[in-house]
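Morning, everyone. Let me put the model on the screen, and then we'll walk through it.

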Amino acid sequence: MPYANQNHNSKMLSFKRINILILMLYLCSFTGQAQNTRLGEESSFTEQFWLSLDPSWQLKDSTYLKIDIGYRTVNSDGWQRYIARGGYEKQIKPFVLKHLERYESYIGGVGLFYFDNNQGYNSFEIRPFQGYRLGFNVSKRIQLSNYFRLEERFLITQDPNNNHFGLRLRYQIIANFGLQGFLFGDERGFYFPMGVEFFYNIVELSQFSDVVRITPGAGYQFDPSFKIQGMLAYHYTRQEDLGGLSKTNDIVFRIKVIKSF
């Protein structure tokens, strides 16, 4: 039995170390890619502001209703985007690799996106999504989360340069470093999320066709049910439409208010 426990612990630590290594390598490689892309003649640079309210409700012991209401804009006053997204998340018992200590959940929902570009040709996007989340507690203060998502994108617009259907895969890995209880009460304090998200376009849509997002941030937890989080992110977008190839390097300042009931 001692040997079995030792083998179980070593496998669990190895799996978590793989997640940490993936996060570090992707951050380094895509930060270098971002610097090189800014020098390209076809790329442009934007600054954006995102605000989102993220309430959630626990329906049962293992099921949750999650809402995301957001507003996004660009520094040039070129466009605004209004977002309403709802999802149903169900935590499940592990059915493979049961010896690893982790938490899993399935997620499904739909998002509505209204895009106003201030130049006509406004658009409305309907985006159903299905996802799977896998997380680990590396230590008392460090958590790792993997999020896999499939999105179907239906675009309603009169712009002749846009197609009307897209399909893409998304993968996000987030490490969260929590300082709750340090210099504050047990359930209060700062935390620092660091994430990388990758997009693979199976069928590319001509609007907001992301490639990668690198998202460091900092937040404060007032209690386990209420948090405010700020992030300064880098997004890289590459898409091709009837007007040719376009690339953007975006610096995004985001404020997120998280409340659970």
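Ground rules first. This is a predicted model: local features need pLDDT of at least 70, side-chain atom pairs count only at pLDDT 80 or more, and totals for chains, interfaces and linings use all residues. Residues are numbered from 1 along each chain as its sequence is written, and side-chain values use heavy atoms, with hydrogens and water left out.

Now the strands. They are DSSP runs of E, at least two residues, numbered from the N terminus. Two of them pair if DSSP finds at least two bridges between them. β2, residues 63–74, runs antiparallel to β3, residues 80–92, with 11 bridges joining them. Arg 72 has Arg 81 in β3 as its bridge partner. β3 is also joined to β4, residues 103–116, again antiparallel, by 13 bridges. There, Arg 85 is bridged to Gly 111 in β4.

Next, the surface. Phe 177, Leu 179, Phe 182, Leu 183, Phe 184, Phe 190 and Phe 192 make a nonpolar patch of about 690 Å². Nonpolar side chains are joined within 5 Å, like charges within 9 Å. Areas are Shrake-Rupley, 1.4 Å probe; for residues, only the protein chains shown count as cover. Leu 179 sits in the loop between β7 (165–178) and β8 (189–203).

Is Leu 179 buried, partly exposed or exposed? Partly exposed, at 33% relative accessible area. Buried means under 20%, exposed over 50%, partly exposed in between.

Last, Asn 117, in the loop between β4 and β5 (123–137). Asn 117 is buried, at 14%. Leaving out residues up to four places away in sequence, Asn 117 touches Gly 78, Trp 79 and Asn 122, where contact means heavy atoms within 4.5 Å.

Notes: Helices (H or I, at least four residues) and strands (E, at least two) are DSSP runs, numbered from the N terminus. Patches are made of residues with over 30% relative accessible area and no salt bridge: like charges are joined within 9 Å, nonpolar side chains (Val, Leu, Ile, Met, Phe, Trp, Tyr) within 5 Å. A salt bridge is a side-chain nitrogen of Lys or Arg within 4 Å of a carboxyl oxygen of Asp or Glu. Buried means under 20% relative accessible area, exposed over 50%, partly exposed in between (1.4 Å probe, protein chains only).
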